[in-house]
Amino acid sequence: MTAPVRPYSPALSRRTLLASFAAAGAASVLRSLTPAAGRSPILTRPIPSTGEKLPVVGLGSWITFNVGDDPAARDSCAEVMRAFFQSGGRLIDSSPMYGSSQEVIGYGLRKLGKPPQLFSADKVWTSSGAGGPAQIEESRRHWGVPRFDLLEVHNILSWEVHLQTLFAMKAAGRLRYVGVTTSEGRRHDEIERIIRNRPLDFVQVTYNLLDREAEDRILPLARERGIAVIINRPFRKGELIQRVARSPLPPWAGEVDCTSWPQLLLKFIVSHPAVTCAIPATSRVDHVRENLGAAYGRLPDDAMRRRLVAHVGSI
């Protein structure tokens, strides 16, 4: 029997948040911040510039962690982070663009005792080149980390000057990796030029079963240039999950150890050889555990990827 397909909800009611937090909190007493015992090793991909391995599923924070000062909502997000680390996750992604998400991440990290496996990924997002360092420092304080693992220029806004800042930080040992981002297929020509001409460690783009423009040039070029790839909007802000909910999970999903549509959608993404990590966002403990399930077991081969594209296209 397959797991039910979840409807997308960008925000939860206070009552739902409280119930979710209570359930997750009780369960957390029985778990430590390690992957589940007896499970196969989590699937990882190396960062080409260093060989450091990252789990193929991370955690986004756009919309879902923008909960302001609501105590119950912040605690619920902390429990999502707890479940993420328990399931073997490492990379958490945020941005100054995402409202209170950075502060909420910092709250969760403090509550969880600052898990050492964290791979902190954030962005610089300001049209003022001179304002970049101050924004980065404010973001670091929100997270409460000594330094970020990865900083990217968000939507390549004022990217020339910001990349100078980030490369200088990396050279000084105040940053480990540098990258750029875009989303929804925008400005791929400019992203391509940056990839070709700058020594990036990471690039972040949109890629999913319906948005596959990145397959044409960006993903092959990133692989050729030895640049890690983070994938945003893997579910199209929930639209893709709503679409496939019209159809039952195909029985052949079991051939790649998937028990739900979200897992199958994520495995399509992370099975591309250029992809390092996908970052679905969620505010629910059950969903983050389901998403991390895509980081275990078998991945689709080329034939199944083509079959999945055709199947979803027919829904």
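Is aspartate 257 buried, partly exposed or exposed?

Guide: Happy to. Please keep in mind that this is a predicted model. Aspartate 257 is partly exposed, because its relative accessible area is 33%, which lies between the 20% limit for buried and the 50% limit for exposed. Its partner in a salt bridge is arginine 298, and the closest N and O atoms of the two are 2.9 Å apart. This pair ties together distant parts of the chain, 41 residues apart. Aspartate 257 sits in the loop between α8 (239-244) and α9 (261-270), while arginine 298 sits in the loop between α10 (285-292) and α11 (302-313). Arginine 298 also counts as partly exposed, with a relative accessible area of 46%.

Some salt bridges share partners, and in this way Glu52, Arg90, Asp149 and Arg176 are joined into one network. The total count of salt bridges comes to 22. As background, side chains of opposite charge can pair when their charged atoms come close.

Two further pairs are worth a visit. Glutamate 192 forms a salt bridge with arginine 196, with 3.1 Å between the closest N and O atoms. Both belong to helix α6, and they are separated by about one helical turn because they are four residues apart. Glutamate 192 has 14% relative accessibility, so it counts as buried, whereas arginine 196, at 44%, is partly exposed.

The other pair is lysine 170 with aspartate 201, whose closest N and O atoms are 2.9 Å apart. Lysine 170 is partly exposed at 30% relative accessibility, but aspartate 201 is buried at 3%.

On the α4 side, Gly132, Pro133 and Ile136 take part in the contact; they meet His162, Thr165, Leu166 and Met169 of α5.

Definitions and conventions: Residues numbered from 1 in each chain as written. Predicted model: local features only at pLDDT ≥ 70, side-chain atom pairs only at ≥ 80, totals over all residues. Heavy atoms only, no water. Contact = heavy atoms within 4.5 Å. Helix = DSSP H or I, 4+ residues; strand = E, 2+ residues; numbered from the N terminus. Salt bridge = Lys/Arg side-chain N within 4 Å of Asp/Glu carboxyl O. Buried < 20%, exposed > 50% of the residue type's maximum accessible area, 1.4 Å probe, protein only.
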